[in-house]
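Please consider the structure shown below.

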Amino acid sequence: WAAPDVLTYEPLFIRITWILDSQVTCFGKFSQFEITSQVVCGDKFLDPKERCDDGNKVSGDGCSSECEIEIGFTCNTASDGQYSVCTQCLVLLNPTSGKLDVTEGAIANYEVFLSTEVQIGAFVSVYIFLGSGASEISILIPEGLSFNFTNSGEQAWNNPRLVALESAGNEFVDFERRVNITHTVISTDTNYQHNYKTVGGVEPVVPLSILEVRVLDDDAQGVYASKSQLVVSEDGLTDSYTLRLSSQPTGIVIIVLSSDPPNQLMVDPRMAFGVSNWDQPQMISVSALNNNDIDREDLVAVIHHAVDQESTTDPVYRQLNLSGIDIYVQVQDNDVAGLEISPRSLTVTEANTTDVYFISMITTPNRSLVVNITAGEGLSAVDDITGLPFVLFDRTNWNVPRMVRVSGLDNDLADGQRQRSIFHSLYNSEEFPDRYYEALNNGASAPWEVVVIVNDNDIPGIVHEPQITVTEGEGSTDLRLSLRTIPTFPIKLYIRVEDSGLLQLGAVQREGNEQL
């Protein structure tokens with residue numbers, strides 16, 4: 001019996017039947033035996049029927065759960081010939097930390113090598129690219145900034161390739177800088193191609209090998225900053241950077257920090273270095289001051305550094321100019337322009353009761369602002385202090401609510417209860433406008449309507465003297481009549497005398513409007 005060509009199959013059962021012959025009866029008996037497979041995937045024994053066996057049935061390590069070699073790997077037999085050792089096809093760097101230091105004006109080397117062999121007849125090409133700060137260093141070897149690896153020969157995969165780079169030298173203190181060197185891969189080897197090929201913007205299976213080169217300043221004493229740009233926000237987003245000295249001082253060195261403009265950032269004002277901690281980076285936390293100003297969208301504050309000459313005891317550091325390590329901080333604002341008007345619904349009565357509402361600003365204006373108050377027909381709305389139909393705000397009183405008093409005008413019309421509105425608009429009182437607040441006039445909240453219910457105090461009726469006296473034979477006496485409210489149409493009054501034998505009406509004389 002031979003095992004099938006697949007690694008998973010049922011065991012074979014063999015039954016042996018035997019007969020015991022006797023003079024009386026023939027007894028038949030049988031015995032059954034199980035023959036199991038001698039090929040077991042994952043037993044750390046490489047059978048000729050297996051492509052690989054690394055001692056487990058876990059996929060993703062080069063040898064799959066079915067003992068098949070996975071794409072992107074090579075699998076070779078261990079030195080004892082019993083099991084497989086699988087290796088991912090990678091482009092590697094030495095130093096393996098991915099970091100390399102080079103001093104200004106000096107040369108430094110590193111190596112590029114492959115993790116495992118290249119398929120026969122295929123190649124792996126590695127290209128070297130300098131990132132930002134490329135002017136800091138230059139590649140001396142290789143001249144074409146690329147290597148080819150093949151299976152054997154002069155370009156054999158197991159022959160590490162040397163890269164030599166040189167840092168540009170100068171004569172001024174410019175502190176520590178960093179440059180990234182990226183290594184891209186093009187290959188006809190299906191395994192290396194699978195791991196490094198980029199299709200449609202999708203990142204390759206394995207990340208590209210990147211070497212971080214740190215350029216060390218060799219120009220006397222200096223102060224190193226770990227970053228040159230930060231981002232913070234008034235909502236609480238913070239950022240940080242570190243400072244350290246470039247050389248051991250003879251005494252104490254005090255670094256003074258200041259921000260420009262001074263009302264945007266919160267930062268530690270002083271950092272101290274000494275003989276024992278000069279090379280230990282000290283953390284500086286930076287946060288935004290949560291103010292009420294509407295800052296520019298592109299506001300960038302600057303952190304300046306200077307040596308405190310009075311407190312620093314090292315004579316060389318005392319004279320050091322640190323203007324070259326300004327830190328630029330983008331400050332994200334959380335303030336928006338807006339008016340706060342409350343309440344938005346009032347009730348008044350003509351020439352009787354009044355009501356009030358309040359106006360304030362949500363954030364500090366950049367300039368003095370006038371809030372114009374436009375009252376609807378039959379209303380008066382004025383600043384309770386000045387009596388004028390506008391309110392003036394500036395940077396000193398922007399958040400102090402100003403009272404606006406609203407009253408209904410007496411019009412002598414019986415026009416009943418009605419609804420009127422008060423509207424508002426913003427205007428700059430100075431030559432240079434506050435564009436954030438003036439833009440609100442075209443915003444969704446404008447014109448900031450306040451609704452007013454006006455109750456009428458006028459009741460239609462006739463006004464007359466309740467009693468007059470007339471003496472017989474002594475002439476006439478006037479009876480004066482008028483309306484309580486202004487009519488919307490002409491009114492005709494009829495006068496009737498109950499006892500015409502005692503009184504006689506004379507001519508009617510109109511006063512005022514003839515139509516009445």
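A residue is called buried if its relative accessible area is under 20%, exposed if over 50%, and partly exposed in between, with a 1.4 Å probe and protein chains only. Threonine 364 is buried because its relative accessibility is 6%. The model is predicted, so that local features need pLDDT of at least 70 and side-chain atom pairs count only at pLDDT 80 or more, while totals for chains, interfaces and linings use all residues. Residues are numbered from 1 along each chain as its sequence is written, and side-chain values use heavy atoms, without hydrogens and water.

Threonine 364 belongs to the loop between β25 (354-361) and β26 (369-375); strands are DSSP runs (E, at least two residues), numbered from the N terminus. Its C-alpha lies 5.0 Å from that of aspartate 293, although 71 residues separate the two in sequence. Beyond neighbours within four places in sequence, the contacts of threonine 364 (heavy atoms within 4.5 Å) include Asp293, Arg395 and Tyr437.

A sheet can be followed next. Four strands form an open, antiparallel sheet in the order β14-β16-β20-β18; strands pair if DSSP finds at least two bridges between them. At its edges, β14 (223-225) and β18 (265-267) each pair on one side only. Between β16 (residues 239-245) and β20 (residues 282-288) there are five bridges, and threonine 242 has methionine 283 in β20 as its bridge partner.

Finally, a charge sits over a ring if NZ of Lys or CZ of Arg is within 6 Å of the ring centre and within 35 degrees of the ring normal. Lysine 44 lies over the face of tyrosine 83, 4.6 Å from the ring centre. Arginine 161 lies over the face of phenylalanine 149, at 4.2 Å.
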